[in-house]
Amino acid sequence: MNLWLDRLFTYRQLAVGLVIILAIVLLGLVGPLFVDVGGAKVGVEIPDLTPSLEHPLGTDTVGRDLLAVIIVGTPQTLTIGLIAGVIGLGIGTVFGFVSGYYGGYADTLLRGAADVFLTVPGLLILVVIASSTKGAVNVQTEALVVSALAWMWPTRTIRSQVLTMRERSYIRVARFSGTSDPRIIVEEMMPNLLPYLAAGFVGSVATAILASIGLEALGLGPQNQPTLGMTIYWGLYYTTVMRGLVWWWLPPIVIIVLIFVGLFSISAGLDKIINPRLRSTT
Amino acid sequence: MTAVLEARHVTKIYGGGFFGRRRRTRALHDFSLRVDTDPPSITAIVGESGSGKTTLAHLLLGLIAPTLGEVVYQGKTFRAMSGEERRAFRRDVQVIFQDPYDAYNPFYKVDHVLAKPIANFQLATSRRDSVKLMEEALEAVGLRPADTLGRYPHQLSGGQRQRIMVARALLVKPRLIIADEPVSMVDASLRATILGSLRTLNQDFGISIVYITHDVTTAYQISQNIIVLYGGSVSEAGDVELVIQQPKHPYTQLLIGSIPSPNPRHHWKSRAVPFDTSAVGSLSSNGSCKFVARCPFAMPRCSQLHPPLFQTDEHRVVACYLHDGVPITDARVMDEVFVR
Amino acid sequence: MTIKSRDLLEVKDLRVYFHTRHGPVKAVDGVSFRLHEGERFGLVGESGSGKSTTGLAILRLIKPPGKIEGGEIRLAGVDVLGLSEPAMRKTRLGDLALVAQGAMNSLNPVMRVGDQIVDALQDHGVQASRKQFADRIGQLFERVGLRRHDANRFPHELSGGMKQRVCIALAISLRPKVIVADEPTSALDVVVQRQVMDTLTDVQTDLGAAVILIGHDMGLMAQFVQRLGVMYAGELVEISPMDDVYAEPLHPYTRLLIACLPSLEQKGVFAGIPGLPPSLLSPPAGCPFNPRCPHVMDRCRVERPVLQEVAPDRWVACHLYPRAA
């Protein structure tokens, strides 16, 4: 028991981060049991109500119960992050391994592409892409658009890890044991890269969510879905700040901040696993 | 006698190039060696840092490609080999690395390092046979399977890990093992056991060994023939008894004389040694003896052309103009002076 | 040869434990020895024997989770362990200098080597003009076999041997009484090693300083030290003059250690020491060497032997030898 508490304390950042994200996920999963999510549709409720027992966060100008909006919108924002994160990590892993292990032309090409995309202002590209597909945007397509930004960092991180690993003796020993190159990547390198892959995933998700909120706040998101970013957009559209409608514009921001605090804590916690030197001495 | 692994006039230059960041260094210069595994032999390659011995190890193992010259196995360069031939090479030539910590994938138990070659080279047909093979190999190097199998690398000592590596090499039954500083990171009391295992591999299993090290004493103890490298070239080579007990090359003499003897009555030879100020590696002139800057016997011709291998004894060659006048040996067949 | 020199450094029952999650690792467990003025003393042992930790403890450079649990260290009568931190800082380099393992890698890469020594001198309160410093550094460098203008170089411009000489120059810059050299040549080639050790001998004789050479290379010890202490599992098992250690080792571990050294004179059988060094977390009861000792007796498994003088200047911790009267 002592060992577990001790472990928990050492990795408290990771634990805290996981708890926060878990809580937010639960909000979306368990919320519908307590709150009528039908209220998130346009025109269902009486518009512009201040917070009351029936509508704890009031309603917006087009008749949506804001609490229901948060409960429905949060999982959507998380989904965007998840899809884009998975795609970003998937591409990043493949590119990173190929680039790092094989080197040569593949490396120059992939690394160059990643570098170029990293330096180009991502949001501008997304704005261009999103505005050209404006009418047809839904949560899934937005996720795809955003994942265009999510693959570069994993590619670079994984590539540098692979470069280091490639020179390790145990990789050479594996070659002398007759293991083929693809199997070396999967069997020998991948397991040791799991913390980096996890960290890359978290980073991708964070980037994706941030980008999606940015896009949505500019009005380029799915118009009919009450994602967190869209709620902010509508909040701006209906000048809620000036009108002092705190219960409208504040909750999505709080949730977003919590998501990022959670993701950051997870990332810092993973850092500690990867780099034992960051662990405090007992 | 079929030549098995051969380095033919191999030169390796690092750095340089059009966008080169580092200064060009010639790690190995015009090196040739033929390692024949019939009859099984133990050859030591001795050199200090910057001598090119690590580069040579990597070249012989096919981990890097030479800048000039070629490394040939069974008559074919690595590039020219088919997939099948390459696999045969990976089976016939095994390696033991210096670092017993780095040679293990920390994710897996130590069994992994033994099981992989068995699986890849199809050395056993069933799981039970596979385990039996692993146990036999471990016992052959003096380890108890019950104490080693099923453990993670960090649970074993450096000496045990290195012995497992020897067991692994034995398992594959190669024709040649290239051991790159296998005992330098192991404690003195455990070194002997590992070296003993290597000798067993050679005497009982007929495996040839190329033992690469900076430690002249262990090289002397284990090998029949020795090659002394300095600055990327051979300075002296031949029967280990001759080279060590009666060194003829000034560098070999300096090297042997600098080895501290554990017997306090045998003092370090008192000859003062010129201090080496050629700090970082350089692209020394192609046409000079590498040792000329430090050699107490340097003559003008030493700076002009690198001396060839003069055969001063039946089983020894020296690359030094002090011994001019005796027949010259072609570097390619240097191994012909070796004791068999 | 003086019969009785003043005891310069006295270490009594030193204990250094590293506190880990699994319990205390007893890296140094009751080490006692004396160092005479101007003497060259060696501390030899394999990895995990506690030799480096002993050296660092003398300089109070043990960092958490390590802690000096007990014992006494007296330098010319002064209680080193009782000094305040500022006083200890003055003592380090001023009276007790360290040439550490890999010291050459701890030189500041962006500072000229001469300036690094000036830095250290100024830290110790030495005030002088630039020219005076330059002169002093120049002399120091020449003393260690470098050239004066090498002081203007950066570390990466120097070879390993040269860098290690800079570290020796730093160590002697304030004329310390004791120099602790912890594996000072382990990263160097045999030829360079000899040059560096020759330099160390020169400066040591010149200064009249005592040197504690810590290492695992018995050959190096034989060529440099006058008296040798053999460490095993955190304990000193034998202290004898170097000639005697080689000719007639007393402790079974020392005997086996010397026997397993390969020789350059003739080929022989490969003999190691069977078994493994003990865990310092849970060392065996009694003598730590008992599981591997060829002469083990029942008593050895129960009672820990005490280091005692069984012949003039010959100390050993082993039940094979009768208790001193």
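**Strands, helices and a shared side**

Mentor: Let's start with one pair of residues: Leu5(B) has Val35(B), in strand 2 of chain B, as its bridge partner. Keep in mind that this is a predicted model.

Trainee: In which sense do strand 1 and strand 2 of chain B pair, and over how many bridges?
Mentor: Strand 1 of chain B covers residues 5-14. Its pairing with strand 2 of chain B is antiparallel, and the number of bridges is seven.

Trainee: Which strands are the edge strands of the open sheet in chain B?
Mentor: That open sheet has four strands with antiparallel pairing, in the order 2-1-4-5. An edge strand pairs on one side only. Here the edge strands are strand 2 (25-35) and strand 5 (76-77) of chain B.

Trainee: At what angle does helix 1 of chain B run to strand 1 of chain B?
Mentor: Helix 1 of chain B is made of residues 53-60 and lies across strand 1, strand 2 and strand 4 (68-73) of chain B. Relative to strand 1 of chain B, the helix runs at about 125°.

Trainee: Why does the radius of gyration of chain B agree with a compact globule?
Mentor: Chain B has ten helices and 13 strands, and its C-alpha atoms fill a box of roughly 70 × 55 × 45 Å along the principal axes. For 340 residues, a compact globule would have a radius of gyration near 20 Å; chain B agrees with this because its value is 21 Å.

Trainee: Which helix of chain B gives the largest share of the side that touches chain C?
Mentor: Between these chains, 34 residues of chain B are in contact with 34 residues of chain C. Helix 7 (188-205), helix 8 (216-222) and helix 10 (250-257) of chain B each supply at least two residues of that side of chain B. The side divides into 16 nonpolar, 13 polar and five charged residues. The largest share, nine residues, is from helix 7 of chain B.

Trainee: Now to chain A: how are helix 10 and helix 11 of chain A oriented to each other?
Mentor: The axes of helix 10 (residues 228-237) and helix 11 (residues 246-274) of chain A come within 9 Å and cross at roughly 150°. Angles over 145 degrees count as roughly antiparallel. Therefore helix 10 of chain A and helix 11 of chain A are roughly antiparallel.

Trainee: And what is the handedness of that crossing of helix 10 and helix 11 of chain A?
Mentor: Residues making the contact include Leu228(A) and Ile232(A) of helix 10 of chain A, and Trp248(A) and Pro252(A) of helix 11 of chain A. The contact residues divide into seven nonpolar, two polar and no charged. As for the crossing of helix 10 and helix 11 of chain A, it is left-handed.

Notes
Residues are numbered from 1 along each chain as its sequence is written. Chains are lettered from A and ligands numbered from 1 in the order in which they are written. This is a predicted model: local features need pLDDT of at least 70, side-chain atom pairs count only at pLDDT 80 or more; totals for chains, interfaces and linings use all residues. Axes are lines fitted to C-alpha atoms, for helices over the stretch in contact, and angles run from 0 to 180 degrees between N-to-C directions. Angles under 35 degrees count as roughly parallel, over 145 as roughly antiparallel, 65 to 115 as roughly perpendicular and the rest as oblique. A crossing is left-handed if the near helix is turned anticlockwise from the far one by less than a right angle, and right-handed if clockwise. Two residues are in contact if their C-beta atoms, placed from the backbone, lie within 7 Å. Ala, Val, Leu, Ile, Met, Phe, Trp, Tyr, Cys and Pro count as nonpolar, Asp, Glu, Lys and Arg as charged, and the others, Gly among them, as polar. Two strands pair if DSSP finds at least two bridges between them. The radius of gyration is taken over C-alpha atoms; the globule rule is 2.2 Å times the number of residues to the power 0.38.
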